[in-house]
Amino acid sequence: MFGKLFGRGGERPAADPHALPVPRRQNGVYKLQNLGDARVMALVVAAESGDWDAVRMASAHFDLGRDHKVLGELSDVAGVEDWIGRAVEKDEEHRATALLISGARHISWGWEARTSARATDVSRDQWRLFHERLHIAEEHLLEAAELRPEWITPWRRLLTSGRGMSLGTAVNETRLDAALRRDPLDLETHIEWVSHLQPRWHGEPGQALEFARTAFAGAPDGHRLGCAVAMAHIEDWVESDDKSCLDTPEIQAELKDAARRSILHPDHRRHPGWQEDFNIFAMALSLAAESVVAPRVYHELDGAFTRWPWVYMAQPEKAYARFRRRA
């Protein structure tokens, strides 16, 4: 049915030989694990066991210097901080990779100490741990960037640590430029800067959306960068006291066009973790009460839920399920 409604873009891509089996659904929904990819799962299992040689072998399937999502899976593995320092010191040949993983992990570990509480509710000890861990992350990521100047992922992560440490706009703009010189259309860098431009951090109302629109306007059809526009609208919703602020014909039209020209375009190519991009559009379209393209996005997801960006809601998975039923 969706193929007839939406044309060639409605056809499902060929089966992925590395796709993990879909787990049992609850109310038609399941949480995506390991980016839905067996190779990523092997990498995560190796990291959980603290086996650096196995991590190196498993990571050979990916380019950690460019693949933000795979690096993100490693950064979320508890305990990596306990052994990655030995790899940094002992494996000279792969020192840059070990530094990159260590830096990414220390940022995640730092935010675990800080928590998502308001700044006024974070204790002195929490702030101390937060800054100690981010300081290590900064050192390791800067060295990784120096050793591998073609890599973009260190610069994207340095934007996060720079924001957390309040290093200032000049420093973070330099890091943004460094990332975009390596890939002017890198989605994760753009989404990080969309967050940076929010009033709760360093920006003014409207800045993030203008930035996302300008970037997407220069992207080819089928590019993931349309997600930056959707994310900018979600961030506007987070900042607003009016939770129906996206429910306008103009925003609905912009989101529909962005989805059709990016994730739903025939030239779009799916990579491990593509479901997160679709979740970004699913949330934005749902918040905008859009009823034409949203069903197609949920149909493609087939129940796959990713915590980002639904984490902005009190009960992320339940919110996803509720909007999915309404689509």
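How many positive and how many negative side chains does the protein chain have, and how far apart do the centres of the two sets lie? The protein chain has 42 positive and 50 negative side chains, with 5 Å between the centres of the two sets. In this count Lys and Arg are positive and Asp and Glu negative, while His and the chain ends are not counted; the place of a charge is NZ of Lys, CZ of Arg, CG of Asp or CD of Glu.

The model is predicted, and local features need pLDDT of at least 70, side-chain atom pairs count only at pLDDT 80 or more, and totals for chains, interfaces and linings use all residues. Residues are numbered from 1 along each chain as its sequence is written, and side-chain values use heavy atoms, with hydrogens and water left out.

**The chain as a whole**

The protein chain holds 17 helices and 2 strands, which are DSSP runs numbered from the N terminus (helices H or I, at least four residues; strands E, at least two). Its C-alpha trace spans about 55 × 45 × 35 Å along the principal axes. Of the 327 residues, 51% count as buried, where buried means under 20% relative accessible area, exposed over 50%, and partly exposed in between, with a 1.4 Å probe and protein chains only.

**The nonpolar cores**

A nonpolar core is a set of buried Ala, Val, Leu, Ile, Met, Phe, Trp, Tyr and Cys residues joined through side-chain atoms within 4.5 Å. The largest one has 57 residues, of which Phe281, Val297, Leu301, Trp310 and Met313 touch the most other members. Helix H14, residues 274–287, gives the most to this core, with 9 residues. Apart from it lies another core of 39 residues, among them Leu43, Trp52, Leu99 and Ala144.

Phenylalanine 278 lies in helix H14 and counts as buried, at 0% relative accessibility.

The table gives contacts, meaning heavy atoms within 4.5 Å.

| Residue | Contacts, leaving out residues up to four places away in sequence |
|---|---|
| Phenylalanine 278 | Ile263, Leu264, His268, Arg270, Val297, Glu300 and Leu301 |
| Glutamate 235 | Val194, Ser195, Gln198, Arg200 and Tyr312 |
| Leucine 301 | Trp274, Gln275, Phe278, Asn279, Ala282 and Tyr320 |
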